[in-house]
Each structure stands twice: as structure tokens, then as C-alpha cells.
Number of protein chains: 2
Amino acid sequence: MNEPANWSEHSARQITAAGLRRSTPRQRVIDLLADRDCAVTALEIDAELEGVGRATVYRAIEQLEDLGLVRKVDLGSSAHGYEKIEPSGHHHHHIVCDDCGKVEPFEDEALEEAIHDIHRKGFRLESHEVTLHGHCADCS
Amino acid sequence: MNEPANWSEHSARQITAAGLRRSTPRQRVIDLLADRDCAVTALEIDAELEGVGRATVYRAIEQLEDLGLVRKVDLGSSAHGYEKIEPSGHHHHHIVCDDCGKVEPFEDEALEEAIHDIHRKGFRLESHEVTLHGHCADCS
DNA sequence: ACTGATACTGAGACTAATTCTCATTTAGTG
DNA sequence: CACTAAATGAGAATTAGTCTCAGTATCAGT
Ligand SMILES: [Zn+2]
Ligand SMILES: [Zn+2]
Ligand SMILES: [Zn+2]
Ligand SMILES: [Zn+2]
């Protein structure tokens, strides 16, 4: 019961609520992110969105990040992408093949529980990122 | 019962075993990493090691990584550093303050168990990285 | 210790990713 | 419609990281 089609609308509303305007270029970035279920890099977005400037793509991502609508994910070998954050809190983590760079999403309830049980005085925890590294079948 | 003073020697031995030579510049990179208990960025190493070229720093890091002597760690906001890998397998993960960028190491046994229980067909898992994000006391 | 083969090195050119600047356009308000 | 400020795109600037290459240093063999 996810709401992939709604994240775009939800984000547009949050953008407005934050006092920002509804511009076409930014909305196109939002729509592209809404369509993807896993990480996309800033340059991929830039390349895919003809007519939208690089600067705009980076700015949009930054704003969405600030509003907690998008999260940055480490994709190994110095690359990183962004993916939408479902308001439900439902999310996944990533396994990356250190040989070919393939990235695969995964979910694990026990892992989530272990993380939720971590408390650190002097820190208000808000999110987490887990990346498993290994070698995929093709690279073994 | 850690062996912080020995990692440097251990690494030097592995370097030799891999057919590489014992050069002073590379050894200086190793020694610097041996001294640190948490992540250092490549540029920090470069800045701290007068007389050692940037290229050499990056090359040394890459070789140490390939030999499994050093691991890359994500430090939030597009920065990443490297830290030595204890032969014992003993390691820590990181909490980063999304406001000021402060990074703090932590260890959690339950988390490690949860991670070790994860199996993914089509993937031979070898290592993992966990980063908790939040706000430190100073930034709240 | 001398020698040769070759790993290693530093300087700086180069590339790629991201940020910044600024003149122009556009959304939203009245 | 008119005004104001947010937003945009082109491209310059900055940063991080990689590559090239001519000279240097390591090490095995003598
Ligand atoms: Zn993903
Ligand atoms: Zn999680
Ligand atoms: Zn650390
Ligand atoms: Zn661990």
C-alpha cells in the first residue's frame, strides 16, 4: 500500500507550504524523482531533463533534501544518488557490488529494529543509511 | 586488547607480500592512518604530509583499500574519509550531525548481529557501512 | 657494493562533479 | 495589469580526484 503516485503531489504541497513557488523546472525534477523507486544521481536527472539547467537540478535537490522529501544515498565508488522519502517512513537500504557497481535495494525488519534501539546521548537521531558491500553473481 | 601500534607493521608486511616495495612516502601515509582511530579524508592526509604528493596519497589509499587494510567511510555532505581496518575485524560505525558535520564513532553489538543475519541470494556479502544522521547537542 | 629492471614518486595538466554569479524570466499577489 | 521577489539557465569558478611523464629509489642478482 505505498503511494508512489502521490509523492509528487505531496512534495508540491510541502514546497508551497515552505513559501516556495510552483515552478515548472522544479516540478519536473520532482516528477522524475517520483517516478523512480531507487536512487538517481544529480547528473542523471540533469541529462534526462532537457531544458532544465544543471543549477536548477542541484538547487531543487537541495531544497527537497532540506524539506525531508528526498534522501541522499551512497552508491559506492564515490557516486551518490537521491531518492524520494515516503511520508509513511517506509524505506529500503542498498547492496552494492564492489566489482561492477550494481546497486540493489533491500529491506530488513530486524535491521530496522536494531537501529531503532540505538540511542546516543548528545545526539537526536533522525535517519540512517545502511550499505552492504559484496560481489554479485555475475562478478563471482 | 586492540593493537593500534601494530597495524602499521601489519600493513607494511602485507604491502611487501603483495610484491610492492617499501617506500618512504607510502609508509608515511600508512603511519598517519595508523595514528588515527577514525576517518581522515584524502585531502587531510595530503595537507598533513608535507613533501608527499597528492597522487601518491591517492595511490597509497587505493592500494591499501585493495589489500583490505583500509575502508572508505561516508561522512555525510559529500565528504568521505578512510580509516584502517583492524585485522581482528573489530570496527565501528558513525553518527554524523547534519548541521555541523561532526562525526562520532559508535559500536553496537545488536546491530552487528542483525547485519550478519542478512543474506541475499545472488550476492556474496563482504562488508557493510552504517551511518546514523541527526543533530548533536550543540546544534539543537 | 654495483647494476639493471622496474616500482614509485611529485609536479602539474587534466577531468568530472558541484557551486556560484548574474542578467533575465516567471509565479503569485493585489 | 503591475509589482516584487523567487526562480531560472548559461556559463564561469571551484573542488575533488585522476592521469602523464620524466626523474628517483627499491631490491634481487651478482
Ligand atoms: Zn534505493
Ligand atoms: Zn532503515
Ligand atoms: Zn570511524
Ligand atoms: Zn558493523
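Colleague: Which of the residues of chain B comes closest to the rotation axis?

Modeller: Val130(B) does, with its C-alpha at 2.2 Å from the axis. The model is a predicted one. Chain B is superposed on chain A by a rotation of 179 degrees with 0.0 Å of shift along the axis, at an RMSD of 0.2 Å. That is the relation of a two-fold axis. Both copies use the same surface, as 97% of the contact residues of chain B recur in chain A.

Next, the surface near DNA strand C. At least two residues of this surface come from each of three helices: α4 (54-66) of chain A, and α2 (24-35) and α4 (54-66) of chain B. Sorted by class, the surface has eight charged, seven nonpolar and five polar residues.

Among the contacts to phosphate oxygens, Arg26(B) places a side-chain N or O atom 2.6 Å from one. Arg21(B) instead uses a backbone N or O atom, at 2.8 Å. A polar backbone atom of Gly53(B) likewise lies 3.2 Å from a phosphate oxygen of DNA strand C.

Notes. Residues numbered from 1 in each chain as written. Chains lettered and ligands numbered in written order. Predicted model: local features only at pLDDT ≥ 70, side-chain atom pairs only at ≥ 80, totals over all residues. Heavy atoms only, no water. Least-squares fit on C-alpha atoms with pLDDT ≥ 70 in both. Contact = heavy atoms within 4.5 Å. Polar contact = N/O pair within 3.5 Å; in protein donor to acceptor, adjacent residues only side chain to side chain. Helix = DSSP H or I, 4+ residues; strand = E, 2+ residues; numbered from the N terminus. Nonpolar A, V, L, I, M, F, W, Y, C, P; charged D, E, K, R; others polar.
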